[in-house]
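My entries follow the order in which I checked them.

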Amino acid sequence: MSILLLSLVVILAAIFSFRYAWWRPAVSSRVPRILMYHMIAPHRRGARFNGLRVPPAQFERQLAWLARNNWTSLTVSELLAAGDAPPQKSVVLTFDDGFADNLEHALPLLKKFNVKATLYLVVDRHERDWSTAKKAHHNSGELKNEAKLADDQVRLLLASGLVELGSHTLTHPNFLKLTEEEKLFELSESKNRLEKLFGVAVQSFAYPFGIYTPEDAKLVERCGYSSAVTTTPGLNLPGAVDRFQLKRVKISGKDNLLAFIMRMRGGRRGWKK
Ligand SMILES: [Zn+2]
């Protein structure tokens, strides 16, 4: 083998290892996996947010893999109700924001594999460009133009018996820019409105953009929620579970099945992500 070929093999092996961190030991399957999704939709050419779009065929492969490997799906509230003794191989699917494709593309597959999910819905989600609340230059309107669930579509999701409803605030604000009073209003008013509108108990909350402080976690509890999810990547290890700061495993639309499996194994795909 020429030196050139050998160096190429070494470089490719290094890239593969960095990307998938295959040497890292798997975390025990007794530790629940909480997965974070946004859209189940085909990628749009040249779009900035394709990482948030898991194509339906890819989502189907992920659910088939979970079924083949005997993972049990629960909602967030079911997981917390199980306390210290959740089923072996517990997996929780969460969907943030309330995109219309959750009904069109995700629900048929959730039904096919009998998988449960928790939907974190923004109450005032139509015609709103919240991506700029995090970064002003994200003003392309890409997510604003993406169709959101109508209330009747949310009812169809809930009627499936597979979906728990959680709150993702009224307006998807950046909590760093709100007063405590404004935060309390977003927290309690969204809970009240969702409960009244859909006739279900809303027990779980998702921080917009995953931006919050430990003080905010106390406000969530004060408003009557029993849990909250963040966008902090990772697993919630026994003895270190904070039910108002739950970590999640981000499922990227840019991941292949191997990347998904690595994320299920250790909470992360590779060395850094
Ligand atoms: Zn969101």
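**Pockets and helix packing**

I began with the second largest pocket of this predicted model, and I found that 19 residues line this pocket, with Pro 32, Gly 83, Asp 84, Pro 86 and Val 241 lying nearest its centre. I noted a volume of about 400 Å³ for the second largest pocket, and I sorted its lining by class into 12 nonpolar, 4 polar and 3 charged residues.

I then turned to the largest pocket, for which I wrote down about 1000 Å³ of space. I counted 34 residues in the lining of the largest pocket, and the closest to its centre are Met 36, His 38, Leu 52, Lys 134 and Lys 250. When I asked which elements give two or more residues to this lining, I found strand 5 (90-97) and strand 9 (227-233). By class I recorded 14 charged residues in the lining of the largest pocket, together with 10 polar and 10 nonpolar ones.

Next I looked up the helix pairs, keeping in mind that two packed helices are described by the angle between their axes and the distance between the axes.

For helix 2 (residues 56-68) and helix 4 (residues 101-113), I noted that the axes come within 10 Å and cross at roughly 20°. I marked the crossing of helix 2 and helix 4 as right-handed. On the side of helix 2 the contact is made by Pro 56, Phe 59, Glu 60, Leu 63, Ala 64 and Ala 67, and on the side of helix 4 by His 105, Ala 106, Leu 109, Leu 110, Lys 112 and Phe 113. I classed the residues of this contact as 9 nonpolar, 1 polar and 2 charged.

Helix 7 makes the contact through Glu 180, Lys 183, Leu 184 and Leu 187, while helix 8 brings Asp 216, Leu 219, Val 220 and Arg 222. I divided the residues of the contact of helix 7 with helix 8 into 4 nonpolar and 4 charged, with no polar residue.

Definitions and conventions
Residues are numbered from 1 along each chain as its sequence is written. This is a predicted model: local features need pLDDT of at least 70, side-chain atom pairs count only at pLDDT 80 or more; totals for chains, interfaces and linings use all residues. Side-chain values use heavy atoms; hydrogens and water are left out. On a 1 Å grid over the protein atoms alone, a cavity is a set of points where a 1.4 Å probe fits but cannot get out, and a pocket is an open set with protein on both sides within 12 Å along at least five of seven lines; lining residues have an atom within 4 Å of a point. Grid points are joined across faces, edges and corners, and a volume is the space filled by probe spheres set on the points. Helices (H or I, at least four residues) and strands (E, at least two) are DSSP runs, numbered from the N terminus. Ala, Val, Leu, Ile, Met, Phe, Trp, Tyr, Cys and Pro count as nonpolar, Asp, Glu, Lys and Arg as charged, and the others, Gly among them, as polar. Contact means heavy atoms within 4.5 Å. Axes are lines fitted to C-alpha atoms, for helices over the stretch in contact, and angles run from 0 to 180 degrees between N-to-C directions. A crossing is left-handed if the near helix is turned anticlockwise from the far one by less than a right angle, and right-handed if clockwise.
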